[in-house]
Amino acid sequence: MRVTVRFLAMALGLAIIATGCASPPSADVDAAKVALDRAAADGAGQYAAESLKAAEDARAALDAELKAQEGKWFKSYDKARELAVAAKAAGDKAAADAAAGKEKAEAVAAKEKADAAAAKAKAKKAAVHVGGKVKAPTKIKDVKPVYPAIAQSAHVAGAVVIEATIGPDGKVMDAKVVRSIPLLDQAALDAVQQWEYTPTLLNGLPVPVLVTVTISFTRE
């Protein structure tokens, strides 16, 4: 009987020691952290905000459980291990959702760009020249060109001639240089592209129109 009691006491002591020395699931915790970091790096905050929030919540629950075990004499990391696995799965999902969301956003952006290019090409093809029934549009927003410092230093001056396509709404849809001064071209284009005009009407309907404008740069 005494031997049995002694054996049970030893077994209990060993169990207590084993429980007290339980180790945290470091590998699982690290894997969860890597998954969450990858999701954030892959743009989950922008493309999969809800999934990223779920992954962050899962990671927070894991951290809370690990901290709770730190304050205990007898530690058990079974729940922490389960939470780490769940946090990794949530991080992986956020990364996958981010990739899918980014792909969708890029497809939408590409379509919008293509549609805009097609609309611009159509407008340029349909644009009419000023003359006859088509009156020159009136500029209602003017932006002065910025004289490039490099052109001033090089004592470059003169006039850049630009052909601009004015859309039916009066905004500049396209502009190209037809008489160039290389150091001044971009400054001229930057200014003209911000101009706005009254819509040009043909038979009572707004139409795109081609205008030629001259931007002069004079040294002071």
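Which residues in α2 meet which residues in α4? Val-29, Ala-32, Lys-33, Leu-36, Ala-39 and Ala-40 in α2 meet Leu-52, Ala-55, Glu-56, Arg-59, Leu-62 and Leu-66 in α4, where contact means heavy atoms within 4.5 Å. This is a predicted model, in which local features need pLDDT of at least 70, side-chain atom pairs count only at pLDDT 80 or more, and totals for chains, interfaces and linings use all residues. Residues are numbered from 1 along each chain as its sequence is written, and side-chain values use heavy atoms, with hydrogens and water left out.

**The α2 and α4 pair**

- By class, the contact of α2 with α4 has nine nonpolar, no polar and three charged residues (Ala, Val, Leu, Ile, Met, Phe, Trp, Tyr, Cys and Pro count as nonpolar, Asp, Glu, Lys and Arg as charged, and the others, Gly among them, as polar).
- Helix α2 covers residues 26-41 and helix α4 residues 49-70; their axes come within 10 Å and cross at roughly 155° (axes are lines fitted to C-alpha atoms, for helices over the stretch in contact, and angles run from 0 to 180 degrees between N-to-C directions).
- The two helices are therefore roughly antiparallel to each other, a label for angles over 145 degrees.
- Helices here are DSSP runs (H or I, at least four residues), as are strands (E, at least two), numbered from the N terminus.

**Nonpolar cores**

- The largest nonpolar core has 25 residues, and Ile-162, Leu-184, Val-192, Trp-195 and Phe-217 have the most contacts inside it (a core is a set of buried Ala, Val, Leu, Ile, Met, Phe, Trp, Tyr and Cys residues joined through side-chain atoms within 4.5 Å; buried means under 20% relative accessible area, with a 1.4 Å probe and protein chains only).
- At least two residues of this core come from each of β3 (158-166), β4 (172-179), α7 (182-192) and β8 (209-217).
- Helix α7 gives the most to this core, with six residues.
- A second, separate core of 19 residues includes Leu-36, Ala-39, Ala-44 and Ala-55.
- Beyond residues up to four places away in sequence, Val-192 touches Ile-162, Ala-164, Val-172, Ala-175, Val-213 and Ile-215.

- Thr-165 sits in strand β3 and is buried, with a relative accessible area of 3%.
- Setting aside residues up to four places away in sequence, Thr-165 touches Lys-124, Ala-127, Lys-171, Val-172, Met-173, Asp-174, Val-209 and Leu-210.
- Thr-200 lies in strand β6 (residues 200-202) and counts as buried at 4% relative accessibility.

Definitions and conventions:
Angles under 35 degrees count as roughly parallel, over 145 as roughly antiparallel, 65 to 115 as roughly perpendicular and the rest as oblique. Buried means under 20% relative accessible area, exposed over 50%, partly exposed in between (1.4 Å probe, protein chains only).
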